[in-house]
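Subject: Structure handover and findings

Dear colleague,

Please find the structure below.

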Amino acid sequence: MINQRNLFLIILSLALMILTACSSKTVSQTGQSGDQSLDRIKSAGVINVGIEGAYPPFNYYNDKNELVGFDVDIANAIGDKLGVKVIFVVTPWDAIIAGLLSEKYDTIVSSMGITEERMQKVDFSKPYYHTGAQLFVPNDSPITDPTKIEGLKIGASIGTTFESKAKELKVDLVTYKNDMLTFQDLVNNRIQGVITDKAVGSSVIKEKSYPFKAIGGLLYEEEAAFTLRKENNALKDALNKALEEIQSDGTYEKISKTWFGNDIR
């Protein structure tokens with residue numbers, strides 16, 4: 001004979017089974033796995049964007065303490081297409097994915113390269129530009145081959161693909177919070193070279209009049225994309241559509257030429 005307690009447990013179990021089945025049905029019908037982020041963004045009229053703010057010319061603070069750069073302009077152009085205001089959330093690079101996963105912002109627009117390791121944690125839009133890594137050394141450096149630097153003291157930003165490449169090349173690696181710090185240590189002869197993005201290195205050298213040069217060709221090529229949480233399929237589709245629109249209407253080319261003199265898509 002079923003007592004009242006057992007009857008309650010049976011009813012509760014059946015209710016949970018029905019709720020789970022309905023939830024699964026909703027997910028399969030929408031195909032969005034419960035993604036409500038795009039609706040929320042459009043309703044609020046705001047998209048929160050994670051960005052490092054220390055990666056010139058892509059994103060950095062100018063001498064007026066204004067956040068500027070290619071990534072900043074691209075994010076604002078995307079926001080215009082979505083009909084929302086962009087609010088930037090400046091976050092150190094080594095914590096930027098964690099901030100996304102903890103929902104401190106909706107997406108990252110901060111020159112993040114697509115890698116298999118990152119794809120295990122996050123999702124990516126279509127690439128919004130192509131670039132590559134390069135080794136930078138003092139003008140009087142004896143280094144002539146960027147792939148033959150084993151044992152040399154080389155700097156790279158922590159949590160980047162540049163750090164991974166430096167480890168692969170078996171250097172005496174010194175990691176930093178951002179690229180500005182790596183170049184400061186190169187100025188002070190604490191390291192023998194820096195591995196970073198080709199455009200970033202060239203920009204820092206030009207801006208600061210550093211006596212440095214690039215050595216050889218690219219160490220590897222890379223695709224940068226907007227970064228999202230895995231369940232945000234609707235937002236990813238919207239970002240991809242907005243990217244296609246700014247690339248077709250001339251907005252992207254204008255922004256790119258402002259910062260680089262050419263189209264880097």
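For the pockets, a 1 Å grid was laid over the protein atoms alone; a pocket is an open set of points where a 1.4 Å probe fits, with protein on both sides within 12 Å along at least five of seven lines, and lining residues have an atom within 4 Å of a point. Grid points are joined across faces, edges and corners, and a volume is the space filled by probe spheres set on the points.

This is a predicted model, in which local features need pLDDT of at least 70 and side-chain atom pairs count only at pLDDT 80 or more, while totals for chains, interfaces and linings use all residues. Residues are numbered from 1 along each chain as its sequence is written, and side-chain values use heavy atoms, with hydrogens and water left out.

The volume of the largest pocket is about 480 Å³. Its lining consists of 18 residues, and those nearest the centre are P56, P57, Y60, S203 and E207. Two or more lining residues come from each of β3 (59-61), α8 (198-208) and α10 (251-260). Helices here are DSSP runs of H or I with at least four residues, strands are runs of E with at least two, and both are numbered from the N terminus. The top contributor to this lining is α8, with seven residues. Sorted by class, the lining has ten nonpolar, four polar and four charged residues; Ala, Val, Leu, Ile, Met, Phe, Trp, Tyr, Cys and Pro count as nonpolar, Asp, Glu, Lys and Arg as charged, and the others, Gly among them, as polar.

The second largest pocket holds about 380 Å³ of space. It has 16 lining residues, with I97, E117, R118, K121 and G159 nearest its centre. At least two residues of this lining come from each of α4 (96-101), α5 (116-119) and α6 (161-168). The classes are six nonpolar, five polar and five charged.

Strands

β2, β3 and β4 make an open, antiparallel sheet of three strands, in the order β2-β3-β4. Two strands count as paired if DSSP finds at least two bridges between them. At the edges are β2 (54-55) and β4 (67-68), each of which pairs on one side only. β3 and β4 are joined by two bridges, and Y60 has V68 in β4 as its bridge partner. Y60 is also one of the residues nearest the centre of the largest pocket.

Salt bridges

The whole structure contains twelve salt bridges, each being a side-chain nitrogen of Lys or Arg within 4 Å of a carboxyl oxygen of Asp or Glu. Three of them involve α9.

- D123 pairs with K236, with 2.9 Å between the closest N and O atoms. D123 is in strand β7 (residues 123-138) and K236 in helix α9 (residues 233-248), so distant parts of the chain, 113 residues apart, are linked. Both residues are buried, that is, under 20% relative accessible area, where exposed is over 50% and partly exposed lies in between (1.4 Å probe, protein chains only).
- E244 pairs with K126, the closest N and O atoms being 2.8 Å apart. Because E244 lies in helix α9 and K126 in strand β7, this pair ties together parts 118 residues apart in sequence. E244 is partly exposed at 42%, and K126 is partly exposed at 42%.
- E245 pairs with K241, with closest N and O atoms 2.6 Å apart. The two are four residues apart in helix α9, so about one helical turn separates them. E245 is partly exposed, at 25% relative accessibility.

Regards
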